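Hi everyone, thanks for coming. I'd like to walk you through one model today, moving from single residues out to the whole chain.

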Amino acid sequence: MSKVRVLVGTRKGAFILTADGKRDKWEVGGPFFAGWEIYHMKGSPVDPDRIYASQTSGWFGQLLQRSTDGGKTWHQPGMPDGEAMPVFPAKAPNRFVYDSSTETGKPLTTHQWYDGTQKPWEFKRVWHVEPSLTDANTVHAGVEDAAIFRSTDGGESWQELPGLRGHGTGPDWQPGAGGMCLHSIILDPANPDRIYIAISAAGAFRTDDGGASWKPINKGLYSKYIPNPNAEIGHCVHHIAMNPTRPGVLFMQKHWDVMRSDDAGDNWTKISGNLPTDFGFVIDVHSHEPETIYVVPIKSDSEHFPLEGKLRVYRSRTGGNEWEPLTKGLPQSDCYVNVLRDAMAVDTLDKCGVYFGTTGGQVYVSPDAGDTWSAIVHDLPAVLSVEVQTLA
């Protein structure tokens with residue numbers, strides 16, 4: 001029978017949840033890196049036991065961790081095998097250093113700050129790690145201040161893809177409320193040179209040449225709080241998602257609005273439909289039904305909790321506009337948690353399993369594509385990210 005492994009990053013460590021294909025009895029492993037913020041963990045599609053984790057501390061900075069045995073043991077790339085961990089600050093070459101070379105990096109000096117002044121780029125943390133679809137040693141990292149890095153040696157060293165910041169709009173990028181973070185990376189399985197990314201609050205971008213050059217893909221987005229609501233950049237995209245069986249069809253949860261693109265991001269249309277509110281952070285797509293999508297609406301951009309204290313996942317089976325609330329097994333009173341942008345995932349079993357984590361420390365599972373829900377755990381630290389691996 002197939003198994004699933006759920007990778008959970010929290011404010012105070014990492015947890016690994018495992019079950020068989022029934023997904024009704026769970027083992028909880030962890031905490032790993034207790035006390036550290038784990039912004040994101042993700043396993044390699046090529047080698048599921050190869051897992052990368054972003055380990056961050058306001059005191060000690062950023063570390064990248066790697067496991068080759070499914071999370072049983074961990075190694076800090078850049079350090080000799082067997083050396084006690086963690087080692088901080090991270091030693092070269094396991095560092096994230098912005099490109100400052102004359103050829104590509106020299107003009108990339110500042111970006112816009114909240115007050116409209118220019119501020120130097122400053123690395124703070126890794127928000128998202130995205131392993132290659134074809135090589136377990138290759139992994140991308142989205143960081144704050146917004147940039148994308150790539151490692152081809154399992155995280156031992158990192159190089160910026162400076163074409164993104166060098167697009168020309170970089171000096172006009174401005175942080176969102178949570179910082180200027182590159183939080184979404186989608187690799188196109190049909191085109192190895194195509195990558196999608198999203199930045200809060202610059203917008204979404206796409207490369208078609210492996211990261212050498214990038215184009216903004218924000219046509220159709222409307223953000224009333226920026227000087228030009230239809231601007232090429234400046235939109236606060238919260239998350240983007242794609243079913244890998246249908247590359248080029250993208251779904252987006254924006255600061256306000258749920259959006260869809262059928263042409264690889266060149267144009268977007270609003271699909272919020274009958275949602276009670278279209279503010280939220282997370283969005284994902286059913287693994288077998290590419291027109292079935294999930295969001296978790298919250299009240300507003302100032303009140304980050306479910307409407308009426310009722311935790312509801314909304315599902316559309318028609319690619320948007322028509323939405324139904326999914327509530328069976330979820331708390332329907334006095335619930336004031338949030339679901340953050342990287343805190344939902346789907347497995348590839350039949351029926352498709354859907355998972356999400358909350359800022360209250362709950363991780364929920366639906367083994368039947370959202371019809372019914374149960375809590376795997378109730379009392380973890382605040383959940384920052386959820387990923388799931390379907391194991392043979």
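**A walk through the model**

Let's start with Thr359, which is partly exposed at a relative accessible area of 32%. On that scale, buried means under 20% relative accessible area, exposed means over 50%, and partly exposed is in between, using a 1.4 Å probe and protein chains only.

Before going on, a word on the ground rules. This is a predicted model, where local features need pLDDT of at least 70 and side-chain atom pairs count only at pLDDT 80 or more, while totals for chains, interfaces and linings use all residues. Residues are numbered from 1 along each chain as its sequence is written, and side-chain values use heavy atoms, with hydrogens and water left out.

Back to Thr359: you'll find it in the loop between strand 26 (354-357) and strand 27 (363-366). Strands here are DSSP runs of E with at least two residues, helices are runs of H or I with at least four, and both are numbered from the N terminus. Which residues does Thr359 touch, leaving aside its neighbours within four places in sequence? They are Val337, Asn338, Leu340, Ala382 and Val383, with contact meaning heavy atoms within 4.5 Å. Val346 sits 13 residues from Thr359 along the chain, and their C-alpha atoms are separated by 19 Å.

Now compare that with another loop residue, Gly211, located between strand 15 (203-207) and strand 16 (215-216). Is Gly211 buried or exposed? Gly211 is buried, with a relative accessible area of 5%. From Gly211 to Asp301 is 90 residues in sequence and 32 Å in space, C-alpha to C-alpha.

On to the rings. The structure holds 18 aromatic pairs. Rings of Phe, Tyr and Trp (its six-membered ring) pair if their centres lie within 6.5 Å; planes under 30 degrees apart are stacked, over 60 edge-to-face, and the rest tilted. Take Tyr39 and Trp127: their ring centres are 5.0 Å apart and their planes at 70°, so this pair is edge-to-face. It links distant parts of the chain, with Tyr39 in strand 4 (residues 37-43) and Trp127 in strand 9 (residues 125-131), 88 residues apart. Tyr39 is buried at 10% relative accessible area, and Trp127 counts as buried at 14%.

A second pair is Phe305 with Tyr336, whose ring centres lie 5.1 Å apart with planes at 75°, so it is edge-to-face. Phe305 lies in the loop between strand 22 (293-295) and strand 23 (313-316), and Tyr336 in the loop between strand 24 (324-326) and strand 25 (344-346), so the pair ties together parts 31 residues apart in sequence. Phe305 is partly exposed, at 21% relative accessible area. Ring pairs also link Phe96, Tyr98, Trp121, Phe123, Phe149, Trp158, Trp173 and Phe205 into a cluster.

Finally, let's zoom out. How many helices and strands are there in the protein chain? There are 0 helices and 29 strands. The radius of gyration is 20 Å, close to the 21 Å that the globule rule gives for 392 residues, so the chain is as compact as a globular protein of that length. That radius is taken over C-alpha atoms, and the rule is 2.2 Å times the number of residues to the power 0.38. Of the 392 residues, 59% count as buried.
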